[in-house]
Amino acid sequence: MRHRLRTHWGTASRGERLLTGTVGGLLLVELVVALLAEPNNFDSQTYHLPKVEHWVQQQDLEFWPTAIHRQVTIPPGAEYLLLHLRLFTGSDGLHNLVQWAAGVLAVLVVARIAAQLGGGRRAQALAAFLLATTPMVTLQATSTQTDLMVAAWVACVATLALDGLRRRSGPATILALGAATGLTAITKTSGLIGAGPLLVLWGLAQLRLAYA
């Protein structure tokens, strides 16, 4: 793997190196901020982190009376991950890493999608660059919000669905597609607006391949 990356970098053009280096540098800066800065945005303070702390205090995942309905009505998939970090570390010091990791995953998957659509290395680097430098992505990569995470899961659905447009999907791919869809739903149901049409497209392609 290291040899492959070294070869890829050695044969890359100056523009491709610039795009890739910018993305890598930006992700590194965001990692530092994610580790040093405490969660401090409105959503984190009003329902993401209070939800986790309620679970810790109650020692279960049951509902509780609250005037902020988002603490109990919005799917808790992202907060489950935060809860594990909270229990392992005893603090919120690593909470921002969940969204940062989702950002890294989204950048990698978007580059793969560009390749699936026929783009070369420059197109892949440009796609990753455009996503990584989107202001909302940059801001949320150092927070405990959930939009970047659900975007990463939807991107996973997209790349798996694109794989199924030209060849029959095996059990592993179907399980992965189901997992990505389930993770989308449990993180934020609005993500199904993006995942749904992709699943329909994948299903139609599989039917066409099965009866061709």
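## Salt bridge between Asp43 and Arg70

In this predicted model, Asp43 and Arg70 are joined through their side chains by a salt bridge, with an N to O distance of 3.5 Å. Asp43 belongs to helix 3 (residues 42-58) and Arg70 to helix 4 (residues 70-73), so the bridge ties together parts that are 27 residues apart in sequence. Arg70 has a relative accessible area of 22% and is partly exposed; the cut-off for buried is under 20%.

## Other salt bridges

Seven salt bridges are found in a search of the whole structure. One of them is formed by Glu79 and Lys51, whose closest N and O atoms are 3.9 Å apart. Glu79 is in helix 5 (residues 77-89) and Lys51 in helix 3, and this pair links distant parts of the chain, 28 residues apart. Glu79 and Lys51 are both buried.

Arg112 and Asp163 also meet in a salt bridge through their side chains, at 3.1 Å from N to O. Because Arg112 lies in helix 6 and Asp163 in helix 9 (residues 147-163), the pair ties together parts that are 51 residues apart in sequence. Arg112 is partly exposed, its relative accessible area being 38%, whereas Asp163 counts as buried at 14% relative accessibility. A network of salt bridges links Arg112, Asp163 and Arg167.

## The aromatic pair

One aromatic pair is present in the structure. The ring centres of Trp55 and Tyr80 are 5.3 Å apart and the ring planes are at 35 degrees, so the pair is tilted.

The burial of the two residues can be given separately. Trp55 counts as buried, at 6% relative accessibility. Tyr80 is partly exposed, with a relative accessible area of 29%.

## Helix 2

Helix 2 covers residues 14-36, which is 23 residues.

Which residues of helix 2 are buried? They are Glu16, Leu19, Val23, Leu27, Glu30 and Ala34. The cover over these buried residues includes helix 6 (96-116), helix 7 (121-132) and helix 8 (135-140).

## Regions listed in UniProt

An unreviewed UniProt entry lists residues 97-114, 126-142, 148-165 and 172-205 under "transmembrane region". In the model, residues 148-165 are 89% helix and 0% strand, with end C-alpha atoms 26 Å apart. Residues 172-205 are 88% helix and 0% strand, and the end C-alpha atoms of this stretch are 17 Å apart.

## The whole chain

The chain has 11 helices and zero strands. In sequence order, its pattern is α-α-α-α-α-α-α-α-α-α-α. Along the principal axes, the C-alpha atoms fill a box of roughly 55 × 45 × 30 Å.

Of the 212 residues in the chain, 37% are buried. Among contacts with a separation of 6 or more, 74% are between residues 24 or more positions apart. The chain has an accessible surface of about 12000 Å², and carbon and sulfur atoms account for 68% of that surface.

Key: Residues are numbered from 1 along each chain as its sequence is written. This is a predicted model: local features need pLDDT of at least 70, side-chain atom pairs count only at pLDDT 80 or more; totals for chains, interfaces and linings use all residues. Side-chain values use heavy atoms; hydrogens and water are left out. Helices (H or I, at least four residues) and strands (E, at least two) are DSSP runs, numbered from the N terminus. The expected span of a helix is 1.5 Å times one less than its number of residues. Buried means under 20% relative accessible area, exposed over 50%, partly exposed in between (1.4 Å probe, protein chains only). Contact means heavy atoms within 4.5 Å. A salt bridge is a side-chain nitrogen of Lys or Arg within 4 Å of a carboxyl oxygen of Asp or Glu. Rings of Phe, Tyr and Trp (its six-membered ring) pair if their centres lie within 6.5 Å; planes under 30 degrees apart count as stacked, over 60 as edge-to-face and the rest as tilted. UniProt positions are given in the numbering used here, feature names are shortened, and annotations may be inferred rather than shown by experiment. Accessible areas come from the Shrake-Rupley method with a 1.4 Å probe; for residues, only the protein chains shown count as cover.
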